[in-house]
Amino acid sequence: MWLIQLFVALTSFLACVCGAAPTVSVVSNTLLDPNGIFFVSFDVVNVNSFQLSAVLAYENFQYAAWYTSTGVAVLGRRTLPSGAWSTLQLPHTLSANDSHNVISLGVSPADGKIHVALDCHSTQMFYTSSVANLAAGGSWVASNFAAITTTLGTLNIGTVITYPQFVVAPNNDLQFVFRSGVSGDGATQLAEYSGGVWRNVGSWASATGTYTAPNGAVSTLRNLYIHGFTYHGTRAYVTGTWREQNAAVSCSSLGLTNHDTVYFYSDDMGRTWFNSAKTQIATSGTNPVNVNTAGIIVDSLDADHGLMNQESQTVDSSGLIHACISYVPGRFTQCVENYETVRPEFARPFHLYQNPNGTFTKVEIPFFIDSVGRSQIVLDSADNAYVIMPFVRIATASKASGWTDWTVVYNGTSQGLNAFGEITLDRARVSSGLVSVLYQQNSTGPTTPSAVKLIDFTLNG
Ligand SMILES: *[C@@H]1O[C@H](CO)[C@@H](O)[C@H](O)[C@H]1NC(C)=O
Ligand SMILES: *[C@@H]1O[C@H](CO)[C@@H](O)[C@H](O)[C@H]1NC(C)=O
Ligand SMILES: *[C@@H]1O[C@H](CO)[C@@H](O)[C@H](O)[C@H]1NC(C)=O
Ligand SMILES: *[C@@H]1O[C@H](CO)[C@@H](O)[C@H](O)[C@H]1NC(C)=O
């Protein structure tokens with residue numbers, strides 16, 4: 001008898017230290033605004049998974065951006081880890097009730113300016129930046145920001161802009177990633193802030209080329225939706241999916257024309273690009289990646305499965321890419337007839353990552369998303385994986401298990417958060433073992449404002 005007890009005790013002890021999926025703990029949950037603007041167009045405008053960044057730590061501060069109940073753009077600042085939020089209002093009001101029109105923040109480390117890009121969906125974009133060194137402290141007042149422009153500083157980036165994202169490059173320049181053109185006919189673009197001036201780098205993925213779907217339909221225009229533009233060391237990593245213009249590539253007109261997951265990287269800050277076979281495939285500006293570029297597909301999928309665009313990605317401590325993608329597995333249906341109804345019923349997230357030998361592995365995360373929306377993947381310092389799904393539901397897997405022991409360790413729904421849908425993250429805190437998750441609460445009416453909140457978790461404990 002005692003032998004059995006000893007065996008049970010030993011195995012449960014070993015399970016704890018060796019293979020267990022990592023846990024998370026709530027550190028705090030703070031209110032940014034009791035009355036953020038609320039309307040539903042896909043999701044809410046204050047919190048979209050693809051925002052880079054709606055919430056951003058820099059040195060001892062954390063910054064956040066959202067729209068008030070009347071659509072005025074607000075910037076918040078607190079001293080980490082637990083200072084009170086103070087806010088300022090920018091002289092700009094949301095121009096359309098469209099959830100694409102998010103606010104994105106960036107900091108240029110060389111001069112400590114805070115950069116803000118906002119309020120665009122295939123339209124002109126609005127932009128401002130702060131006085132130097134505001135990111136490291138200084139008076140939190142709107143007069144410390146320049147007048148709002150529809151250019152990026154002095155750089156004209158055109159008038160058909162979506163998905164503004166700021167990224168700090170390995171030399172500490174700030175880069176700006178965005179889409180020009182429209183869904184199904186757009187290009188991904190890169191600009192760069194160096195010496196206080198924005199300059200164009202050029203387009204690195206274009207709309208051109210020909211896609212022939214398994215059903216025989218041919219599409220001649222598209223855009224690349226990216227899961228991220230992530231630096232690790234000197235390498236920029238991009239995964240993404242193509243969205244075709246020709247709806248006939250999908251089995252249903254209410255499906256999504258997204259297909260395939262692609263991966264490529266750059267070792268010169270986004271000038272030249274390589275596939276996972278280390279072959280140069282593209283040059284920004286003159287010869288961007290397109291749908292016919294060789295050797296970039298790392299997971300094949302046709303346009304019949306409700307594959308989501310702009311999910312998320314990160315890079316592990318060995319410099320290997322990890323993406324979270326999501327779609328409806330074929331065992332549920334081989335034709336997603338309406339992605340808005342079938343994804344909430346059957347879509348699952350997947351963990352797609354590169355192995356040291358260069359091949360890719362994809363593992364289905366065994367939980368329903370219960371939403372149309374997207375999830376965010378992060379890795380802790382030991383490369384354990386955390387996938388934060390809509391409604392702040394967190395599934396984790398340990399590296400020790402080969403990322404197979406997926407476990408739900410926090411469920412915002414059962415915890416009563418009442419989050420409306422997608423969340424977005426402060427990735428700048430992850431290296432400190434923390435993640436801040438921005439969410440907005442569900443509302444009591446279709447346009448009744450609701451609370452915008454930030455919940456902080458420790459990773460792995
Ligand atoms: C957004 O919707 C609200 C509430 O319906 C309305 O008052 C407002 O005018 C709309 N804003 C824009 C820019 O269309
Ligand atoms: C590459 O590594 C993966 C994961 O260890 C393994 O499953 C696969 O068989 C390897 N493939 C080759 C071609 O070595
Ligand atoms: C989260 O909790 C809700 C409500 O209890 C439940 O319906 C849902 O299945 C849970 N999700 C996961 C991934 O555990
Ligand atoms: C939000 O609340 C509305 C009713 O107020 C409800 O119909 C809807 O299901 C809720 N959505 C979520 C994600 O809880």
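User: What is the mean pLDDT of the protein chain?
Analyst: The structure is a predicted model, in which local features need pLDDT of at least 70, side-chain atom pairs count only at pLDDT 80 or more, and totals for chains, interfaces and linings use all residues. Residues are numbered from 1 along each chain as its sequence is written, while chains are lettered from A and ligands numbered from 1 in the order in which they are written. pLDDT is the predictor's confidence in each residue, from 0 to 100. In the protein chain, 96% of the residues reach 70 or more, and the mean pLDDT is 96.

User: Which element of the protein chain has the lowest mean pLDDT?
Analyst: Helices (H or I, at least four residues) and strands (E, at least two) are DSSP runs, numbered from the N terminus. Over residues 6–17, pLDDT stays under 50. The highest mean among the elements, 99, belongs to strand E17 (residues 258–266), and the lowest, 48, to helix H1 (residues 2–19).

User: How many residues of E17 are buried?
Analyst: A residue counts as buried if 20 or more other C-beta atoms lie within 10 Å of its own, as exposed if 12 or fewer do, and as partly exposed in between, with C-beta atoms placed from the backbone. By this criterion E17 is mostly covered, and the number of its nine residues that are buried is eight.

User: Which residue of E17 is the bridge partner of Tyr 237?
Analyst: Two strands pair if DSSP finds at least two bridges between them. Strand E16 (residues 235–244) pairs with E17 in the antiparallel sense over seven bridges. The partner of Tyr 237 in E17 is Tyr 265.

User: Which strands stand at the edges of the open sheet of four strands?
Analyst: Strands of a sheet pair through backbone hydrogen bonds, either parallel or antiparallel. Here the pairing is antiparallel and the order is E21-E22-E23-E24. Two of these strands have a single partner strand each, so one side of each is left without a neighbour in the sheet; they are E21 (312–315) and E24 (360–364).

User: Which residue around ligand 3 is charged?
Analyst: A residue is near a molecule or strand if its C-beta atom, placed from the backbone, lies within 6 Å of it. Ala, Val, Leu, Ile, Met, Phe, Trp, Tyr, Cys and Pro count as nonpolar, Asp, Glu, Lys and Arg as charged, and the others, Gly among them, as polar. The shell around ligand 3 has two nonpolar, three polar and one charged residues. Its members are Phe 367, Val 408, Asn 411, Thr 413, Ser 414 and the charged Arg 393.

Terms used:
Two residues are in contact if their C-beta atoms, placed from the backbone, lie within 7 Å.
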